[in-house]
Amino acid sequence: MQIVNPGSVGLPACDSARPWIHYMETGSPHARYAVIDRERGGGRIEFIALEYDWNAAAGDARKANRLDWAHALATGYARRPD
């Protein structure tokens, strides 16, 4: 069995300008990971979404002056430029 991170366990959305401007979003504040169970002749992948205190995590991000992370943690969406 393997546990993998199919994105970001703790930051459900982000944006980047490299190699071009793009956004990655889950649309949900849940922490996510996947479990891969390889069996003889096949396998199984299970995607897990966990509830946690994302409002507290967003508050910590705000205190660190990371308003982009605060928004992503609370909503699962990246902040878009106005």
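Is Gly59 buried or exposed? Gly59 is buried, with a relative accessible area of 16%; buried means under 20%, exposed over 50% and partly exposed in between, using a 1.4 Å probe and protein chains only.

## Model and confidence

This is a predicted model, in which local features need pLDDT of at least 70, side-chain atom pairs count only at pLDDT 80 or more, and totals for chains, interfaces and linings use all residues. Residues are numbered from 1 along each chain as its sequence is written, and side-chain values use heavy atoms, with hydrogens and water left out.

The mean pLDDT of the protein chain is 87, and 95% of the residues score at least 70; pLDDT is the predictor's confidence in each residue, from 0 to 100. Helices (H or I, at least four residues) and strands (E, at least two) are DSSP runs, numbered from the N terminus.

## The helix pair

Two packed helices are described by the angle between their axes and the distance between the axes. For H1 and helix H2 (residues 67-75), the angle is about 175 degrees and the axes are 7 Å apart. Axes are lines fitted to C-alpha atoms, for helices over the stretch in contact, and angles run from 0 to 180 degrees between N-to-C directions. H1 and H2 are therefore roughly antiparallel to each other; angles under 35 degrees count as roughly parallel, over 145 as roughly antiparallel, 65 to 115 as roughly perpendicular and the rest as oblique.

On the H1 side the contact is made by Trp54, Asn55, Ala57, Ala58, Ala61 and Arg62, and on the H2 side by Leu67, Trp69, Ala70, Leu73 and Ala74. Contact means heavy atoms within 4.5 Å. By class, the contact has 9 nonpolar, 1 polar and 1 charged residues; Ala, Val, Leu, Ile, Met, Phe, Trp, Tyr, Cys and Pro count as nonpolar, Asp, Glu, Lys and Arg as charged, and the others, Gly among them, as polar. Gly59 also lies in H1, and its C-alpha atom is 6.7 Å from that of Ala70, 11 residues away along the chain.

## The aromatic pair

A search of the whole structure finds 1 aromatic pair. The ring centres of Tyr52 and Trp54 are 5.7 Å apart and the planes are at 80 degrees, so the pair is edge-to-face. Rings of Phe, Tyr and Trp (its six-membered ring) pair if their centres lie within 6.5 Å; planes under 30 degrees apart count as stacked, over 60 as edge-to-face and the rest as tilted. Trp54 is buried at 17% relative accessibility, whereas Tyr52 is partly exposed at 30%.

## Loop geometry

Most residues other than glycine have a negative phi, and most peptide bonds are trans. Asn65, in the loop between H1 and H2, has a positive phi of about 60 degrees although it is not a glycine. Asn65 is exposed, at 60% relative accessibility.

The peptide bond from Arg18 to Pro19 is cis, with omega near -5 degrees. Pro19 is in the loop between strand S2 (13-16) and strand S3 (22-25).

Glu25 is in strand S3 and is partly exposed, at 34% relative accessibility. Beyond its neighbours within four places in sequence, Glu25 is in contact with Pro12, Ala13, Gly76, Tyr77, Ala78 and Arg80. Glu25 and Thr75 are 50 residues apart in sequence, and their C-alpha atoms are 9.4 Å apart.

Asp37, in strand S4 (residues 31-39), is buried at 19% relative accessibility. Leaving aside neighbours within four places in sequence, Asp37 is in contact with Gly43 and Arg44.
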